[in-house]
Amino acid sequence: MKVTLIKYNAGNTGSVTASLNRLGVTPVISDDPETIISSDKVIFPGVGEAGSAMNCLKEKNLVEVIRNLKQPVLGICLGMQLMCSFSEEGNTDGLSIFEEKVKLFPKLAKVPHVGWNAVSGLKTPLFEGIRENEHFYFVHSFYAEKGKSSISETDYILNFASALQKKNFYGVQFHPEKSGVTGSRLLSNFLNL
Amino acid sequence: MEIIPAIDIINGKCVRLTQGDYSKKTIYSDDPVEMAIKMESMGFNRLHLVDLDGAAAGKIVNLNVLKAISQKTSLIIDFGGGIKSTEDALLALESGASMITAGSIAVNNKPLVKEWIRMFGADKIILGADVQNREIMINGWKKPTGIDLFDFLEEYLKTGIRKVICTDIARDGMMSGTAEKLYTEILKKIPGIELIASGGVSSETEIVKLEKMGLSGAIIGKAFYEGKINFKNNLTKRIIPCLDIKNGRTVKGINFLNLVDAGDPVEMGKLYSREGADELVFLDITATNENRKTLVSLVKRIAENLDIPFTVGGGISSVQDVDMLLCAGADKVSINSAAVRDPEIITTLAKKFGSQCVVVAIDTKNSGGKWNVYTHGGTRETELETVRWAKEINSRGGGEILLTSMNNDGTKNGFACDITAKVSESVGIPVIASGGAGKKEHFLEVFRKGKADAALAASVFHFGEISLIDLKRYLAASGLQIRHCEGKTVAL
């Protein structure tokens, strides 16, 4: 199976690669449209700032490439947020794959939201074998509002969408690559889609 | 913004009035102390305590309630109602109130309130501005004064007072929304004010709106008691074993029989991960340039094998060090002495790599009642005061604080809950408590009293004195949010 991790300025590819390796998959890390389009699965990781990340995707001419992918795509953390329609971080438009918007957490508790939190309302085969309220590892200050693409939710200050899905596109706010057995199960589910 | 639940006391009971009318009273609990304990367990840090008996009598009546709440909880309390003399003000502050609220008295006896500001400091006084159509009302909200709210605020802001609770009387107890327009106007006209909204706060959405407007607090009364406001927070408290590394090997007597190689940090890390560790910290205690290479290759191996987050620390002093460790696969790095020597490094690292991977460790020691910061493995005292340093770390973009109390470290008598709580409440980033863990109860204590977000320990885990599985079961049974230690997920 050919798995490609999209390479751009906000890609945190090390731990995702390690985690895929543990599942017996060696991913390709690339920003070449041909390589991305011809993969069986595409992972869109991300740690960084939304505005500059979007600019980088534009410079690399990857916006339309990603939007038009037909194979299963998994956005992780910032990757998921960039797949939304808009982000308050850098007030930037996103890839608009999901209609949901990304907002800054109101500072009614510590921000960023760091640590293990429960994920519930699980939908789609991405969560196959994972029970309600299992914990995943989160690190983020911005969240996606719940909307029609939500496939899981989490409570921190607000009830927000911790995973989104539309057609072949999936996005998770948490880091499956850092979420122990539960996280690797989710990654393995994605590889099996 | 802080959400501040209110307890009003009549005849020793916990009540709510509607628009300040003593005849429209609902009793919510016979025991205000129990109520305060409940509020603390729900995650609140603050309490607005009003002695309505005292307000009617013109002197403090329910001092015993204040005392009991301050003894049984760690809530930061502001106390008001019936404080009309310096003796009463002093009594309230000595009985556990962190601040006193001055309402009618601030109109009736300005010289007295100004004397309190001189005696106790402006940060101990909250100005209570109760208004009806922008006019200040006093004596249980019944008496109009003809004083315009803005004149009143300007006069007191000149005295150094910053904190103001502004209650819109018509909205109080009505749960019909807050005086948003008025608050916006106050914030615009009076810069530097720390405005606390009161009256009509009725939903989470409204609180989010107030936070965005720039209020520093919101008092919730009836909406809290009627369960209308229910901020959910399922974020779990983290347990973090710490492994000391020397020349790429774990040190300290490690007592596990079922390990292939107990000296191998990777084997140890995997074992702790299986037992439910939420994160790991690897501390390089040799930290010389030669050992750096060994450390980097170890970090690579840890990253390949471990599927939970881990932090690497020990002698990290440059951007290059951090770059190398993060590239090798560390999720976070922990810096200590280097940050004290040059705080700018925190800002640089946060900008370059993101706050989420910058943990700043503070070694602190209490001597003569002062908690000062120490560096170089705790061997050098600095002039830095711990809470002030923590705030600076926060404002420079540090992502987490790892706070070790040198007084407690190695004693096994428990964590330093006092300083941990002070630091945790002063910053908006997570605080990891370290030093002093000896038994399970100590962890519960540092999460409850110490307001820690995570707790770190080494020897109690290494020597098998506390098993991670038992500890997490115990904490979960005590009512804390804890990540399941026995994974329910079906591994493939």
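The C-alpha centres of domain 1 of chain B and domain 2 of chain B lie 40 Å apart, and these two domains cover residues 2-225 and 238-477 respectively, with bounds that come from an automatic or database domain assignment. The model is predicted, and for that reason local features need pLDDT of at least 70 and side-chain atom pairs count only at pLDDT 80 or more, while totals for chains, interfaces and linings use all residues. Residues are numbered from 1 along each chain as its sequence is written, chains are lettered from A and ligands numbered from 1 in the order in which they are written, and side-chain values use heavy atoms, with hydrogens and water left out.

We can turn next to the place where the two chains meet. Here 37 residues of chain A are in contact with 43 residues of chain B, where contact means heavy atoms within 4.5 Å. The size of an interface is often given as the accessible area lost when the parts come together. Between chain A and chain B the buried area is about 3400 Å², and carbon and sulfur atoms give 55% of that area; the term stands for the accessible area (1.4 Å probe) that two parts lose on being put together, summed over both. Of the area that chain A buries against chain B, A:Leu108, A:Lys110 and A:Trp116 supply 22%, more than any other three residues.

The count of salt bridges between the chains is 2, a salt bridge being a side-chain nitrogen of Lys or Arg within 4 Å of a carboxyl oxygen of Asp or Glu. A:Lys178 forms a salt bridge with B:Asp331, and the closest N and O atoms of this pair are 2.9 Å apart. The elements that give two or more residues to the side of chain A that touches chain B are α1 (13-22), β8 (113-119), β9 (134-140), β11 (150-156) and α6 (180-191) of chain A; helices (H or I, at least four residues) and strands (E, at least two) are DSSP runs, numbered from the N terminus. Strand β8(A) gives the most to this side, with 6 residues.

A:Pro112 has its place in the loop between β7 (101-104) and β8 of chain A, and the peptide bond from A:Val111 to A:Pro112 is cis, with omega near 10°. A:Ser120 has its place in the loop between β8 and β9 of chain A, and A:Ser120 counts as buried because its relative accessibility is 18%, given that buried means under 20% relative accessible area, exposed over 50%, and partly exposed in between (1.4 Å probe, protein chains only). Leaving aside its neighbours within four places in sequence, A:Ser120 is in contact with A:Glu132, A:Asn133, A:Ser152 and A:Glu153.

In the loop between α3 and α4 of chain A we find A:Asn61, whose phi is near 55°, a positive value in a residue other than glycine. A:Asn61 is exposed, with a relative accessible area of 59%.
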